[in-house]
Structures are given as C-alpha cells and as structure tokens.
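Please prepare a briefing on the structure shown below.

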There are 2 protein chains.
Amino acid sequence: PTNGFERSAPLYPLPPSSRPNKVLPEDLKTPDHHVERDPRLIRLTGVHPFNVEAPLTDLFDEGFLTTKDLHYVRNHGAVPFVDDSSVLDWEFTIEGMVAHPTTLTLRELIQTYDQVTYPVTLVCAGNRRKEQNVVRKTKGFSWGAAGLSTALWTGVALPDLLARAAPLRGARYVCLEGADPLPNGHYGTSIRLGWATDPARGIMIAHRMNGEPLHPDHGKPVRVVIPGQIGGRSVKWLKRIIVTANPSDNWYHIYDNRVLPTMISPEASADLPDTWKDERYAIYDLNTNSAVCYPAHDERVTVGAETGDKSYKLKGYAYAGGGKRVTRLEVTLDQGRTWMLASISYPEDLYRLAPEGEMLYGGRLDMAWRDTCFCWCFWELDVPLSRLGDASDVMIRAMDDSMMVQPRDMYWSVLGMMNNPWYRVVIHKEGNTLRFEHPTQPALIPGGWMERVKKEGGSLTNGFWGEKRAGEDAEPAGEDP
Amino acid sequence: PTNGFERSAPLYPLPPSSRPNKVLPEDLKTPDHHVERDPRLIRLTGVHPFNVEAPLTDLFDEGFLTTKDLHYVRNHGAVPFVDDSSVLDWEFTIEGMVAHPTTLTLRELIQTYDQVTYPVTLVCAGNRRKEQNVVRKTKGFSWGAAGLSTALWTGVALPDLLARAAPLRGARYVCLEGADPLPNGHYGTSIRLGWATDPARGIMIAHRMNGEPLHPDHGKPVRVVIPGQIGGRSVKWLKRIIVTANPSDNWYHIYDNRVLPTMISPEASADLPDTWKDERYAIYDLNTNSAVCYPAHDERVTVGAETGDKSYKLKGYAYAGGGKRVTRLEVTLDQGRTWMLASISYPEDLYRLAPEGEMLYGGRLDMAWRDTCFCWCFWELDVPLSRLGDASDVMIRAMDDSMMVQPRDMYWSVLGMMNNPWYRVVIHKEGNTLRFEHPTQPALIPGGWMERVKKEGGSLTNGFWGEKRAGEDAEPAGEDP
C-alpha cells in the first residue's frame, strides 16, 4: 500500500485455512507412519490403505474449496515417502510414441514450463457406492456421498508437455504410471491422446494444491489432475507418461474403474477377461450426480403451529463430467409426480472474471478463454416446513447441458461405480419433529433408509425404493437379484 | 484397370441409390413448387412448410446412410430458390469480432479451402415428440422416431475458415444465419466459438450430400453441418457467419430448441422472457436416445408349438451427442427388473479404416485422427419367441460413454424436445400371433399404446406407462398435470 494502490480481495474463493495435523496413532503401525492426517476423516477400508471421506456436513460446510484436511483420499497401498529436500529432484519420464522422449525433474517442470492455477473437483468413481452395496454387495468398499473434493491446483498443462514431446502418427493413448508399489505392479491407467492434447480439457501435471506443495496422500511431489473425469485417472506420485497406440494394460486399468453391464454378477465376472478389457466399459468422464447436504442425516427440525409460514432451506451439491455443466436441479416431494426448480450457484465462474494476467500460487489464473466446467456447483431451495411435514421424502435430480437427467433407479454393476440415481432423503414425523434419513452412512456406519427398508423385508429394486404400494404382494427379503 | 491394378470396393458404406423424384402435386400450390420430393415422406405440419420424416421401417431398411429421398426435413418456411447456374456465385459472409471479415462465394469456398467428407447423423430435437404430445400437448408438432438421418457430407472444416478470419479476444459465440425469410426474420442461431474452432467437433460448411450438390430441402447450395448437436443448429441456405461476444438474439434461437424446466406449462411460458433467454435451457449436444425398429408397429409374428426354439431378432438404432458413443444397449422383457445386453455395430468406424489420403466426393476422408463419433449405431438381440410370448412388453435403454443412461420416465417440457425415455413396444397375444404396438405413430396418424392407454383412462405419468398395478386406485383420465 506504499504507492497508494491497494489490491482488493479477489472476487473468487480462496481455500479455508488448514489445521495443523499430526501423524495419528493408528497410522504409526502402518507404512504410512510418516503421513500427517486429520482425525475427522472416515476410514472406509480399515486402518490401511488409507481410503477416506469427510463427514458430508463437514465437507459441505468448508464451502467451494476443500482443505487438504478434509479432501477425500483413495490410496491403493502405502504412500511413497519423499523427503522434502529431494522433492525438486523427483524425476518422471515422457516416453513411448513421441519424437522427443525425455526425463524431467520437478525442478525442470517448474522452471521450463508456464505454470497455471485453477480449481478442479476430483470425484471418486465410487462416490455413493454404499447405496449399491446395500442393494447387492459389489466388489468395492462403501463410499458415502462425500467422495469428492475441490482444490486449487497449480502445475503445467499436459498439452504443453506433449507438444514438446511430439507424439508420432498412430499414437492414440497416454498411459500414466505412479510410484506406488502394489500387489499387481505400479498403479497405472490411460486416457485418450485427443483429450490429453486438448487445452479445453484442462489436464494438468500438478505440484501444488491450494497453494502448498502436495500432501503425501495427494501425490507428493507431483501428480496428474484430470478435470471432469473420475479420480482414478489422476495418477499420483507420477513416474511415467507413455504415449501408446493402445490403452494401458496395467492391472488397475483393466480391473478397476469400470461399469460392467448390470446383468454381470460378481461370480460371473471372474470368468470374463474380454469383458473387463472392453474399453466401452471403462469410466472416463464423470456422470451427472447430486446429493442433499441439508437436511443432514438424522437432522431434526421442529414443526407445528408456532413455526407458521417458516421455510427450510434445502441445500446440496451437484456435478457433471467432461467439462459439462449442471443446468438444472429439481426437487420432488411427491416421488416424481411434480418437481420444483432449485437455484444453482457456480463459484467456479468467479475465477473466469479474474483480471488478465492474474497470478495465483505461481500459476496463471486464466479461465476466461474456455467454456469447460470442472467443479461442483451448489443448489438450494426454500420449502415451507408445512410442505415438508406433509411429504414422505425429498428427492432430487440434476440435468446436464447435454439434456441427460439423473435416472430414477440405480444402475447396479459389479464394481458399484458411478452410482447416480435420484438422491432420496426420507422424512419421519415424530410428534412435533421432522427427522431426516439419508440413504446410507459411509463405511460400516449403520443408518439410512436403505438398510432399514431392507431389514424390514422391502425390495430395494421394486421401483419404489422398497416401499410397499397398496395391494402389492410382500416381496421376499434378502439380496435382490 | 488398364494398369493391372484394380481398386477394390471400399470397406465403408456408400449411399444407396436415390430415386428419380418429381415435384409432387400437393407442392404445386405452395412456394415450394420448385422442389422435387419423395412421396413416401410423412408430412407432419400439413402440406407446407415441409416437415417430414420417413416411415421408420423404410428409414431403417435403407441402412447406415439415408438417401436424400428419405432424409428427414425441418423447414420453417419456404425453401429458397437457387438456380443451378448461380449456385457457385452464392455468397456468404464471415463477420463480427474477427480480424479479417470477408465475403465468400461457394466457388471460392471450394477452390480455396481443403475439402473433407465424412458421415454425420442429423437428428431433430423433436425426434419422438409425439410421445410427449400424447402425455400433454406441447408447442411442437408430432415427430415419430424417424426424425434422424445419416449422410456423407462434403465441405470445409469451420475451424479452417475461422482460423483465416481470426476471431478477436472476447469473442465467445458464432452466430449462423440462413436465407429463408420467416415471420420473425431470417432463421438464425449460435454455437460456442470453442466448439466451432475445435477440429474434433467436426463442424463443416457443406455443399455436397452423399456426393451430390445439396437438395433444396437440405440447404442448396450451402449449409452448416454440426455433428453431435441437434439439427436446429445446422443452418441451411447459409448467408452469414457472425462471431460475437454473446449468444444469438435471433427469435428462433431463443424461442425454439430449448428444454425449459418441466414444471413450466405452455400457459406460464408465455410470460417468462428471461427463462427463454437462459442459455442453460438451450439445446446443443444431442442426448442419448434409442428406438426399436423391428418388430415394427403392427408387425405380427406367429408363435406356438411349431415355432419351437425359434428366435426373433430385435433390432433398432441408438445415438449419443457431442461426439460421444453409445457403449451398451439393454433390453428388458420384465419392465426393468432384469436386462439383456444387445450387440451394437458402429458402421461409422469403418470409415476410420480408410487408407491415408483417401478421397471421396472431392473431399478427404480422414477420420483416423479423431475419437469423436457423429453417427447413429445399430443394435440387435435374438430373443426366443417363447420369451416374447410370455412378456407384456419390450423396453430398451442405451448408455453412453459418460455412463449416463436413458431415463425410465419422460422429461416433459413445453417444447416437447429431447424426449428420450426407454422406448417401449407392447406385445399383444392374439391367438397364435404376437402383435407389436409402438408408443405412437407420427403426425396425426392414430395408433400406439400411449393413445390407447390414455383413452382407456390410464395415467401415462403414473410411473408404469399408464398400466394399472394390482390394488391401485383408478386414476382420472384426461390430460396429466
């Protein structure tokens, strides 16, 4: 402020402060004994490997950007240890079908290439999988609806790197491989070369998250960030970028992150290698999805004469994939007979308004030139308490700008991925109180209407959320086909 | 064959032969008295303007490529008359926010720019609208399920044209305007500049269709072809390309080709100019859709002891938008409880195998470099006749590579566009015969289970296709809310 000009606060969100974390006692006995973590994170696969989501309300309350404390984590094994002093010497290759194969250090990546910064919402393909597991056990563990998080990522645009490497004619895929040693080799996957070279797709080799060097759980010191696609393609602890004619043959590329046709059972899938290798079933772009965050599970609201005309503000999130946007979010209180339109906010658009030349965390923040959308949005709708009190449930659905709408019913598949039916919150009337019940709770945490309905003998696949319709015969309890 | 080398037939489909058509008697009294047409086309808006689809079976039987005879047509008014001798002198402009505005003749377009040829399926946003009109009258006329057609288009890649014109910073849209004079000005619309400059999106300024100069109904002499998006953006009789900061304010851009939120009634929509102008509701990319073509409506198949183990081959089409692919097509005989996987063929992929340097109709056929998919695909599934005889209906749904699946239920909207619920064919058992009943017939042609169910007092929006469930109260007949 010495020259009389004062820089005003930016119009776009900056991340909330992180907490000082420590290595937690339960991690001391694991290979991750060097990793500091937030105790609020819910472990989905026991103590180790570290697969976690935040409590949904905590995640939502942090706002548009998620701290590293509450950012979901999907680790297949032990977190590679990288000493702070050797971070800049970390090496990775660009190889395969390129005219100029090369090995780069992180130091060279930072010094040689233009740096960019923008927000990206990463989403696990398993987000909301617990719901699938309640219908019928899948091969995956039980994510709730908090398997997504948003951060400001800083790094180098992959198209810039590939332009210098110069892919050869016939190249069609880019394989990505991490440093994590796993039972079936290093974690690896691939994406299409056409996406990797398209600036509007925004694929980045990242080394900062919310302005800080990467946390070990998030790929320290360097990772891939692929906006609009499932988290499983955003390889952490990056070691190799391999340009190829064919998709990756890495075990994790073939046997993970796929939506097999719904009629294939876990048992049958063991014998179908050609089905697993069919790229048509590999997941890349996220599908359109949404969740209710308020009311929270088990939240209670008093109703009655004294609440008069008061309203309750329903709130939640939604997202679409592949750069698409959510164009509407609709709410029903009568199981889909009629719908109300929620309002939607896209904080991501505030970054597009940044002045030309804006720098953030050492990267250029320049989003005005592209239409693609890489982050979650928020929706809300005021509903009179009296109407909530008359309803048996609240359900929501999002539509994206390709005019595809979330399906009413679940598309069950053997890995339990991309679960995106209408998100349903049941309303229980208990005297003067409304109690809200979400579909599930993450991991092995009990609760939710799906487990309850199933225990009561309802069939969750009857097209009515397991509710009995008047005159309907009782259906057998237990696992649905 | 004089040098001993004989060129073998290409691996990719070429169009079937067109018929010699004449000006039809009913067109003589209209402004289109100069246009030769095929009498098989079904007129959807009386005699004039000319809005037509082929009988679904005829369309399907032509195969992957549609002749101009059976290609659907959507005209808002009179077809501009262009004399053959003046075709090459036809002028159009590139103007607005560009460094080098210019006026081009068709002759210059052909002589100055590289020509390309590839197949594109055009689809009207109103495809399958009749189903919406039966549920509740929309503002649109009644397309059946044949509002789509595929042709080999030849022309110039729009990115090439725009690169020479050099859009200025701040430009975000490309407005397109035709020569057809209409009550509310010339037909015009806009698309995003990011799409128009993306080679993988394949947007073309076309002057040949299936190797012939454009037919008057299809834009003679020059039109836009926008693959993967609704036909309404592919402006015919092109006169102006205008690069702008904002979307088109053309009447047809705002009041046509939109999916307003479902709760907005035709009456309410008259008073909502801001809703109409909301770009979130404008349709660009096609949504994922599919139809059954065999069995056809009213087709009869004999069953009984003598048919033994015989199967019936169910067949139809499917498509996705925005360059995406249909990755699976599933068939249910028990209203969604269980599904069977159909096989899918993508004739479009055969063109990707063309040898380097292949020329077709004066344009380069070079599709090996892109992953985007612009055409319909075909599906089929053999089902034992005995199983068909036991079922009350056949329903299908497609899923695309963003893992979005067609919804079970209709998303009704005031313009009745992008209708894509599961396609349902009812099976009637009549003695030894199965008779199949499609949802509707196009235009005012009676027939189909939707009209029948409605007449019988069923509610088409009850979540069960108007069927009564055991114990369900009868619902009032008439228009559903």
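A salt bridge is taken here as a side-chain nitrogen of Lys or Arg within 4 Å of a carboxyl oxygen of Asp or Glu. By this rule, a search of the whole structure gives 70 salt bridges over all chains. The structure is a predicted model, in which local features need pLDDT of at least 70 and side-chain atom pairs count only at pLDDT 80 or more, while totals for chains, interfaces and linings use all residues. Residues are numbered from 1 along each chain as its sequence is written, chains are lettered from A and ligands numbered from 1 in the order in which they are written, and side-chain values use heavy atoms, with hydrogens and water left out.

**Relation of the two chains**

**Interface**

- Contact, defined as heavy atoms within 4.5 Å, involves 51 residues of chain B and 50 residues of chain A.
- Between them the chains bury about 4,400 Å², with 50% of it on carbon and sulfur atoms; buried area is the accessible area (1.4 Å probe) that two parts lose on being put together, summed over both.
- In chain B, the residues that lose the most area to chain A are B:Asp371, B:Met403 and B:Met404, together 15% of what that side buries.
- Because 98% of the interface residues of chain B are also interface residues in chain A, the copies meet through the same surface.
- The rule finds 6 salt bridges across this interface.
- A:Arg172 and B:Asp371 meet through their side chains in a salt bridge (3.1 Å, N to O).

**Strands and sheets**

- Helices (H or I, at least four residues) and strands (E, at least two) are DSSP runs numbered from the N terminus, and two strands pair if DSSP finds at least two bridges between them.
- In chain A, 5 strands form an open sheet of mixed pairing in the order β7-β6-β15-β10-β11.
- The edge strands of this sheet are β7 (102-105) and β11 (188-192) of chain A, each pairing on one side only.
- Strand β10 (residues 173-178) of chain A is antiparallel to β11(A), with 5 bridges, and A:Glu177 stands opposite A:Gly188 in β11(A).
- In chain B, strand β9 (residues 148-157) has 10 of its 10 residues buried, where buried means under 20% relative accessible area, exposed over 50% and partly exposed in between (1.4 Å probe, protein chains only).
- Strand β8 (residues 116-123) of chain B runs antiparallel to β9(B) with 8 bridges, and B:Leu122 has B:Ser149 as its bridge partner in β9(B).
- β9(B) is also joined by 5 bridges to strand β12 (residues 204-209) of chain B, in the antiparallel sense; there B:Val156 stands opposite B:Ile205.

**Salt bridges within chain A**

- A:Asp32 and A:Arg37 form a salt bridge (3.0 Å, N to O), and both residues are buried.
- A:Arg201 and A:Asp285 form a salt bridge (2.8 Å, N to O) that links parts of the chain 84 residues apart.
- A:Arg201 counts as buried at 15% relative accessibility, and A:Asp285 is buried at 9%.
- In the salt bridge of A:Asp349 with A:Arg325, the closest N and O atoms are 2.5 Å apart.
- A:Asp349 lies in helix α9 (residues 348-351) of chain A and A:Arg325 in the loop between β18 (311-319) and β19 (326-332) of chain A, so the pair ties together parts 24 residues apart in sequence.
- A:Asp349 counts as partly exposed at 23% relative accessibility, whereas A:Arg325 is buried at 19%.
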